[in-house]
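Trainee: Please guide me through the model shown below, one question at a time.

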Amino acid sequence: MTGTISSTTAGLDPRAWALRLVAAVLLVAALAGCRTSDIYNVQEASLSAPPSTEMMEVENAIKRAGGRLGWQIQRADPDQPGHLIGRLPIRSHVAVVDIMHNTQTFSITYKDSTNLKYDAAEGKIHSNYNGWVQNLRTEIVREASSIRPANGTDT
């Protein structure tokens, strides 16, 4: 066997070599599944609602939009319109956001989470969170654009 090195002559049992290879592949796969990203917040996005839109119409549109995506959305203070809290439970994960709105704009900001690898110092969170917030933003804009003027005079 001149000129070639086999795993047995290099001191490694073929089964040990295979186990190391499988362990390395599993480690890479596990690390790839644990992606984190900068937290995505929505700041004063336009609702594209008619000028005569009322706060309650916007609140209801946000609740409908979130509900379609599995978000549980409630008013933060029953006596104060314009501030909602959204909660999205998915398996063992939970995302919680503040949703501030008026009749023309809305914002979504991170409030809390469970099992989403949130790192306050780095401003990072599991990448799935950002997708959920982006989907919520898109759905809110879509739902608000379907608000019709109450008296039919706005265009």
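Trainee: In which loop does Asn115 lie?
Mentor: This is a predicted model, in which local features need pLDDT of at least 70, side-chain atom pairs count only at pLDDT 80 or more, and totals for chains, interfaces and linings use all residues. Residues are numbered from 1 along each chain as its sequence is written, and side-chain values use heavy atoms, with hydrogens and water left out. Helices (H or I, at least four residues) and strands (E, at least two) are DSSP runs, numbered from the N terminus. Asn115 is found in the loop between β6 (105-114) and β7 (124-126).

Trainee: What is the phi of Asn115?
Mentor: Most residues other than glycine have a negative phi. Asn115 is not a glycine, yet its phi is positive, near 60 degrees.

Trainee: Does Asn115 count as buried, partly exposed or exposed, and which class applies?
Mentor: Buried means under 20% relative accessible area, exposed over 50% and partly exposed in between, with a 1.4 Å probe and protein chains only. The relative accessibility of Asn115 is 48%, so this residue counts as partly exposed.

Trainee: What is the phi of Ser48?
Mentor: Ser48 belongs to the loop between β2 (42-46) and α2 (55-68). With 49% relative accessibility, Ser48 is partly exposed. Although Ser48 is not a glycine, its phi is positive, at about 55 degrees.

Trainee: In what order do the strands of the open sheet stand?
Mentor: The protein chain has three helices and seven strands. Two strands pair if DSSP finds at least two bridges between them. Five strands form the open sheet with antiparallel pairing, in the order β2-β6-β5-β4-β3.

Trainee: Which strands stand at the edges of this sheet?
Mentor: A strand with a single partner has one side left without a neighbour in the sheet, so it stands at an edge. This applies to β2 and β3 (72-77).

Trainee: Which residue of β4 stands opposite Gln74?
Mentor: Strand β3 runs antiparallel to β4 (residues 80-90), and five bridges join them. Opposite Gln74 in this pairing is Ile85.

Trainee: How far apart are the end C-alpha atoms of α2?
Mentor: The expected span of a helix is 1.5 Å times one less than its number of residues. For the 14 residues of α2 this should give 20 Å, and the model agrees, because the end C-alpha atoms are apart by 20 Å.

Trainee: What arc do the buried residues of α2 cover?
Mentor: The buried residues of α2 are Val58, Glu59, Ala61, Ile62, Ala65 and Gly66. The arc is that of the directions from the helix axis to the C-beta atoms. They lie on the same side of α2, because they cover an arc of only 160 degrees.

Trainee: Which elements are included in what covers those buried residues?
Mentor: Contact means heavy atoms within 4.5 Å. Helix α2 lies across β3, β4 and β5 (93-101). The cover of its buried residues includes β3, β4, β5 and α3.

Trainee: With which residues is Glu143 in contact, leaving aside its neighbours within four places in sequence?
Mentor: Glu143 is in helix α3. Its relative accessibility is 11%, so Glu143 counts as buried. Apart from those neighbours, the contacts of Glu143 are Ala61, Arg64, Ala65 and Arg68.

Trainee: How far apart in space are Glu143 and Ser48, C-alpha to C-alpha?
Mentor: In sequence, Glu143 and Ser48 are 95 residues apart. In space, the C-alpha to C-alpha distance between Glu143 and Ser48 is 9.8 Å.

Terms used
Axes are lines fitted to C-alpha atoms, for helices over the stretch in contact, and angles run from 0 to 180 degrees between N-to-C directions.
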